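Okay, thanks for coming, everyone. Let me put the model up and then walk you through it.

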Amino acid sequence: MVTFDKRNLTIEVRNHNGRHVYEIDLERCTTPAMLLDWIFQLHSKTWMTPEMMDEFLSIIEDVCREVLGKSVQGCFCPFGQSRTVDWEKNPCA
């Protein structure tokens, strides 16, 4: 239900019947506020299950480690300090 496309740095979230699809362009998700906005945008959907949210959060963590070399927290808000992430320049590695 939640997939990552490394070619274009997007995460796709779709419900069980495929009718609702959200494509999150990570290159446009560069601040903690933008990431939090997506989390709560998805959380508010009636079709979003706790399992899907867990999968979404796990994929974001995996993608940050794979692409940026650090955890979500290490890239976006280490020690509570907001950071802007540049997915192309790889500032966390």
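Let's begin with helix H2, whose buried residues are Met 52, Met 53, Phe 56, Ile 59, Ile 60, Val 63, Cys 64, Val 67 and Leu 68. Looking down the axis of H2, those buried residues fall within an arc of 135 degrees, so they line one face of the helix. That arc is taken over the directions from the helix axis to the C-beta atoms. And when I say buried, I mean under 20% relative accessible area, with exposed being over 50% and partly exposed in between (1.4 Å probe, protein chains only).

Before I go on, a word on where this comes from. It's a predicted model, with residues numbered from 1 along each chain as its sequence is written. Local features need pLDDT of at least 70 and side-chain atom pairs count only at pLDDT 80 or more, while totals for chains, interfaces and linings use all residues, and side-chain values use heavy atoms, with hydrogens and water left out. Helices (H or I, at least four residues) and strands (E, at least two) are DSSP runs, numbered from the N terminus.

Back to H2. On its other side, Pro 50, Glu 51 and Asp 54 are exposed. H2 has 19 residues and spans 26 Å from first C-alpha to last, close to the expected 27 Å at 1.5 Å a residue; the expected span is 1.5 Å times one less than the number of residues. Just after the helix, Gly 69 takes a positive phi of about 85 degrees.

So what do the buried residues of H2 pack against? They pack against strand E1 (2-5), E2, E3, H1 and H3, where contact means heavy atoms within 4.5 Å.

The largest nonpolar core has 27 residues, and Ile 11, Val 13, Leu 42, Phe 56 and Trp 87 touch the most other members. The elements giving two or more residues to this core are strand E2 (10-14), strand E3 (21-25), helix H1 (32-43), helix H2 (50-68) and helix H3 (72-76). H2 provides the largest share, nine residues. For the record, a nonpolar core is a set of buried Ala, Val, Leu, Ile, Met, Phe, Trp, Tyr and Cys residues joined through side-chain atoms within 4.5 Å.

Have a look at Leu 42. Not counting residues up to four places away in sequence, Leu 42 touches Val 13, Tyr 22, Ile 24, Trp 47, Met 48, Met 53 and Phe 56.

Now over to Thr 30, in the loop between E3 and H1. Is Thr 30 buried or exposed? Thr 30 counts as buried, at 15% relative accessibility. Leaving aside neighbours within four places in sequence, Thr 30 contacts Phe 76, Arg 83, Thr 84, Val 85 and Trp 87.

Next, charges. The count is four salt bridges, each being a side-chain nitrogen of Lys or Arg within 4 Å of a carboxyl oxygen of Asp or Glu. One of them joins Glu 61 and Arg 65 at 2.9 Å, N to O; both lie in H2, four residues apart, about one turn of the helix. Another pairs Arg 14 with Glu 12, their closest N and O atoms being 2.6 Å apart. Arg 7 also meets Asp 5 at 2.9 Å, and Arg 7 is exposed, at 77% relative accessible area.

Last, cysteines. There are zero disulfides, meaning pairs of cysteine sulfur atoms within 2.5 Å. For Cys 77, the nearest cysteine sulfur is that of Cys 75, 9.5 Å away. Cys 75 is buried at 1%, whereas Cys 77 is partly exposed at 28%.
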